[in-house]
Structure formats: C-alpha cells, structure tokens
Amino acid sequence: MQKASKLIVVNAAPYETRVATLESGILVELLIERGEDRNSVGNIYNGKVIRVLPGMQAAFVDIGMDKAGFLFAGDFVTPQLEFDTDASEESDPVLPEDIGIRPARYPQEHFLPPIEGLIREGQHLLVQVAKEPLGTKGARITSHITLPGRHLVLLTWSAHIGISRRIEDPEERDRLTKIVETIRPEGMGAIVRTAAEGRSETELKADMDYLVRLWETIRRRSEASTAPSLIHRELSLSLRSVRDLFSSETDRIVVDTEEEHNRIRTFASQFFPRIQDRIELFIGPEPIFDHYGIEIEVTRALDKKVWLKSGGYIVIEQTEALTVVDVNTGKYVGRSSLEDTTVKINLEAVKEIVYQLRLRNIGGIIIIDFIDMKSEENREKVYNALVDALRADRSKTTICKISELGLVEMTRKRVRESLGRSLSEGCPYCSGEGVLKSKKTICYEVFRSLERQALMLSGKQVSLYVHPALAEELFGEERRFLEILEQRYGMKVNISASEKFHIEQYRIEPS
C-alpha cells in the first residue's frame, strides 16, 4: 500500500506565520503564530514563587506572563520512576505524560511530599512551559526540563533512555538504545525520536552534543539572570515545523517568502542537511494558501456544522468545559433498514470527526453523540472505526466504549488553544452565549419593570429608551399590553429608539 504524500506549506508574513500540513492534498493540521503572541510551550524561564497552595499541592510562579504559571507538586518532584518500554512522541516538548513515565514512588497525589516542604514563596525556580495559557488559566509549568532536537530529546532530569513506539523493528530499537547509552551525559537521558530510525552514531552524537551545549548555555543564563525572566525561547513556528513535522514521508516544504525560505534552509543546513533539496520557494500569481486550497478549508474549520458526503452532518459545539459533537442523518434517508442507515452515517461521521478534531486542534473532554444503534455489534463496529481513525492523531487520546445512548466519552491532549479560539473571540453582543433573549421576552421584562415602579410613576409621563428593534415590537404586536398598563396605572409611556442600546438593554425614566 502506497504511503500518503505529505506536504508542508509555510505562509510567512510580518504579522503572522501559518504552517499547514497536507496529506494527499488534504489539509490535516494548521498551526498559527501571530507577532508577539508566539507559542510559549517549550520556553524556559527563571521564575519566582509567589504563592504556595498546600490544599492543591501546587504553587503559582511568576514567569513574566500576564498570568502566573501553575506548578503542580508532581511536576516539581523528581521521583523514582518506572518507565514504559515504548515512548510516544509529539511535536511539543516531551514531558512525563508524553513518554510513558509512571511515577513509582508517588503513584497518587496523596503520596507526594507536601509542597510547602518542597518550595517556598520568593524562591527562584528554573521551569519550562508544558501547556500554554488557555482561556482564563495560566501556563502549566514543570521543572522537568526537556530539550528537543531533530533525532533526540534530552532529559535533563532523568537518566532514562526511551525509544519512540513508531520505531517497531526490535533490532533497530536495540541498536539505537546502545548508541544513546554511550553518547548521553552522566545523569541525563534521552528519548529517541522517530526521525532517528536508520541514522548513524555520528548523526545522533551531533544531535546530542548540540542539546548538551544548549543546556549548558541555559544553565549559565539562569545563574546570571533575575526572576522573572525568559532564559530560552523555543524556535519560531516555521523552524519548529522543520524539526518536528518533517519526516521520511514528507515530499517537500514550500515557503512563500524568500526571507523565510533562506532562514529555513540555513537552519536545515546546520542540523538537517539531508532535507535541504526538499525546501522550495513558492513563486506564483496568487497567495500560497489559495493556490493549495487551504484558505477555504480554514474558513470551513470555523463552522459549527460540517456536511458529510452522504447528506448527513455533524455539529461541533465547543464550550469552556468540553466539546460536544452531534451526528445527524440530515438529508440521507438510506436504502434499506433504519439500522443500516444509522450505521452508515455513524461510520462516515467517525472519519470526519477525527479529521476535524485534528484540524481544529480540539482538546480536553469530548462527547460524541452518535445516532442511536440498537445492535451491540454495530456499536462495537463504530467504536473500533473510531479507535482506528485516532491512530493517525499525534495527540494522545483516551476513549470509552459507546454507551447504550450512543454517547462516546473521550479526551484529547490539549497543549495549545484550539483553532477556533485562536482565530475568533466571543461575540461582544451576546457575550459569547451564541443566543439572545427574544424581543417578546424583553418586552415582557419591560412590562414587569413598569409594574414594579407603578407607584412612583403613577400619573406621570414616562420615557422608555430601547433598541429600535424592540421599539418596533412595542409599537406593533405588544402595543395592546402596553396600553393596558398605561390605563391600569395612570401613566403615559413615550418610547424612544436608540441604536446605542443593546437589544436586551432598556431604561425607564420619569419625564
């Protein structure tokens, strides 16, 4: 079976850098970095502890961001560890939960030493951002510093050697383990990345030497700096993409500006000379994202409703707590039984849901509401299809069986904001609710407010200031109820319309 072709497209502008990954011409991942809002994951800071929370086994650390970083006791303690033989790998810094490490000495939170005995307020700590700030939360930070290279990830806090689970050949895994064992510094370890497969000892040693030099530089900067301060910034998005996304399946990288093209080639010549010939400068009459059909896909990725080829559709609702995906039959009526129709739609939805989760970078708790299936065999069939589809996802996922109600509970590791949150903001008109009170509901709120103030307003002229749409409703269908109130309480209500008023806003004043 022929492997899918892979293309990395870089759109570099002074104000924003976008990197798209296409597999067989289909957009599967989009990463965005805007001006000063560069991704902070992987950055290393000299931080200052500003508050210790014994009840949460955590501390807040000032690292110079708008919000203090959150440090859990388990991310500070260097425990005695048991290691899984397989190590997973992601493009983000390789942290304990990424590489299959299980704390042996402190398997549960209540076995961790009290955090107040580990750190104190005012103490300076060298920490790394594990998860960038999300919504109202500050960055998740760790003292377990990891430095990713092209072939290896240096573990500065452990002597463990792990191998990416994507390297399946036992002989190759054994060869790489022996090489790393001889080149690693004493007291440090490494994770061997997928890109290391087939690489020589000379190439791996060069990668290790670079990471060790980088670590020594970071330590010297830390000793000479005050807190809070940035000690080491992760690579820019375009350079990270070369380091982390480029693989043997990647046909080429296409860049739309000569300046960024030169930067990437210079970076590649120092660390990845084999891929230089596959870095191309895009020259064309139209923008690069338009040329590859990416721009329209980005727009679609912000829609709540996604249509399936059969005529069914899924609806994606993202909230602060979780994301809900609802599967619907839509226009598809099927050709045989209801159960067969349902299974067909659900199986088609599985592929689209996994694609959308990856493209939109949706993480956290995810609830999928499949169309109800009576047969246990069919529920198992859809569940297995979902598990298989998720194998292509680089982010760590956990998934529960389909319930009798057709619901699937799953989690997807969230390290950065979703695409929707990155490209949009809450509506200032509806405050992000997505709905507004109906005009009829607001009219009746006005009537009740007039009744509450009836004693004070009786026998007087009253000015009612409202939005024009509400004024139209009060002059029209609701006029008869307003007249009843005027007669009952002996008042005269004069309606004034103003565009300055929110549709749900109104003001009542005696004239």
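**Values against definitions**

Mentor: Of the 511 residues of the protein chain, 47% count as buried, where buried means under 20% relative accessible area, exposed means over 50%, and partly exposed lies in between (1.4 Å probe, protein chains only). This is a predicted model, in which local features need pLDDT of at least 70 and side-chain atom pairs count only at pLDDT 80 or more, while totals for chains, interfaces and linings use all residues. Residues are numbered from 1 along each chain as its sequence is written, and side-chain values use heavy atoms, with hydrogens and water left out.

Trainee: How many helices and strands does the protein chain have?
Mentor: The protein chain has 13 helices and 27 strands, these being DSSP runs numbered from the N terminus, with helices (H or I) of at least four residues and strands (E) of at least two. Along its principal axes, the C-alpha trace spans about 95 × 65 × 55 Å.

Trainee: What makes the contact between K440 and E477 a salt bridge?
Mentor: The term requires a side-chain nitrogen of Lys or Arg within 4 Å of a carboxyl oxygen of Asp or Glu, and the side chains of K440 and E477 meet at 3.2 Å, N to O, so the pair qualifies. The pair links distant parts of the chain, since K440 belongs to helix α10 (residues 439–452) and E477 to the loop between α12 (468–475) and α13 (479–489), 37 residues apart.

Trainee: Why is K440 called partly exposed, and why is E477 called exposed?
Mentor: K440 has 32% relative accessibility and therefore counts as partly exposed, whereas E477, at 54%, counts as exposed.

Trainee: How do you know whether E16 and R18 are buried or exposed?
Mentor: E16 has a relative accessible area of 13%, so E16 is buried, and R18, with 11%, is buried as well. These two residues form a salt bridge whose closest N and O atoms are 3.9 Å apart, and E16, R18, R34 and E295 are linked in a network of salt bridges. A search of the whole structure finds 27 salt bridges.

Trainee: Why are R479 and E486 called buried?
Mentor: R479 counts as buried because its relative accessibility is 18%, and E486 is buried because its relative accessible area is 11%. Their side chains meet in a salt bridge at 3.9 Å, N to O.

Trainee: What makes a set of residues the largest nonpolar core?
Mentor: A nonpolar core is a set of buried Ala, Val, Leu, Ile, Met, Phe, Trp, Tyr and Cys residues joined through side-chain atoms within 4.5 Å. The largest one has 27 residues, and those with the most contacts inside it are I314, V327, I353, I368, F370 and L386. Among the elements that give two or more residues to this core are β20 (313–318), β22 (364–369) and α8 (376–390), while the largest share, 7 residues, comes from α7.

Trainee: Why is S458 called partly exposed?
Mentor: S458 has a relative accessible area of 41%, which means that S458 is partly exposed. S458 is found in the loop between α11 (454–457) and β25 (461–466).

Trainee: And why does E168 count as exposed?
Mentor: E168 counts as exposed because its relative accessibility is 65%, and E168 lies in the loop between β14 (161–164) and α1 (170–183).
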